[in-house]
Amino acid sequence: MSASRELSATEHNKIRAMLALSAADALEPNETEEVLQHVRACPQCSAEMEQWQLLSRGLRQLPTPQLSPDLVQRTCARAEARLIDEREHAWNRRVMISLVLLAWALTLMSWPIVRLVSSGLLSMLDPRLNQSWLGFAGFTSLVWVTGGIAAVLLASYQRRERSLA
Ligand SMILES: [Zn+2]
């Protein structure tokens, strides 16, 4: 007894999963037959099937969207624009790296000047020389990196504005 009830519960779940497909006419004929047989005997599935059929009929009554050549063309253009965008993105990254390297080069180059200018002060702070150099280098890099990021963001923002226009 319990075995057959279990079997019908399994069948019920299996058929329930197929109801939507059946309503959409997406099943094999023998599967459709199986579903219809169960639906006739199972009020729960019958009610659910009705809902799916309503939905399916409603969907079929909607106008089918036609792919216009214009849309295809626009999609191609958009894909192309994105490709260009990605290429420019890679270029931006290279610019960023160059900027960071340049920042370091400038920092290294300007350090002797700073040191020369404030040599009197620094000689008094000699034990902390290393620390202040690091602070100076870090600060300069930060300024340059921030500037670089801002430039890159601004460029990409402008490009997006242009592509939307
Ligand atoms: Zn059922």
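Mentor: Start with the naming: helices (H or I, at least four residues) and strands (E, at least two) are DSSP runs, numbered from the N terminus. Residues are numbered from 1 along each chain, as its sequence is written. The model is predicted: local features need pLDDT of at least 70, side-chain atom pairs count only at pLDDT 80 or more, and totals for chains, interfaces and linings use all residues.

Confidence comes next. pLDDT is the predictor's confidence in each residue, from 0 to 100. The protein averages 78, and 76% of the residues score at least 70. Helix α2 has the highest confidence, at a mean of 94, while α5 (residues 119-124) has the lowest, at 58. Where pLDDT is low, the predicted coordinates should not be read in detail.

Now the fold. The protein has 6 helices and 0 strands. Along the sequence the pattern reads α-α-α-α-α-α. A residue is buried if 20 or more other C-beta atoms lie within 10 Å of its own, exposed if 12 or fewer, and partly exposed in between; C-beta atoms are placed from the backbone. Buried residues make up 5% of the 165 residues.

Now your core. A nonpolar core is a set of buried Ala, Val, Leu, Ile, Met, Phe, Trp, Tyr and Cys residues joined through C-beta atoms within 7 Å. The largest one has 7 residues: Ile15, Leu19, Ala23, Val35, Val39, Cys45 and Met49. Helices α1 (2-23), α2 (29-41) and α3 (43-61) are the elements that each give two or more residues to this core. Of these, α1 gives the most, with 3 residues.

Two residues are in contact if their C-beta atoms, placed from the backbone, lie within 7 Å. Setting aside residues up to four places away in sequence, Leu19 touches Val35, Cys45, Glu48, Met49 and Trp52. Arg16 sits in α1. With 17 C-beta neighbours inside 10 Å, Arg16 is partly exposed. Arg16 and Val35 are 19 residues apart along the chain, and their C-alpha atoms are separated by 8.5 Å.

Next, α2. Val35, His38 and Val39 are the buried residues in α2. Viewed down the axis of α2, these residues fall within an arc of 100° (the arc of the directions from the helix axis to the C-beta atoms), so they line one face of the helix. An α-helix has 3.6 residues a turn, so residues three or four places apart point the same way. On the face of α2 turned away from the buried side are the exposed residues Pro29, Asn30, Glu33, Gln37, Arg40 and Ala41.

Finish with the loop between α1 and α2. Ala24 lies in this loop. Ala24 has 14 C-beta neighbours inside 10 Å, so it counts as partly exposed. Ala24 and Leu55 are 31 residues apart in sequence, yet 9.3 Å apart in space, C-alpha to C-alpha. Asp25 belongs to the loop too. Asp25 is exposed, with 9 other C-beta atoms within 10 Å. Check its backbone: Asp25 has a positive phi of about 60° although it is not a glycine. Most residues other than glycine have a negative phi.
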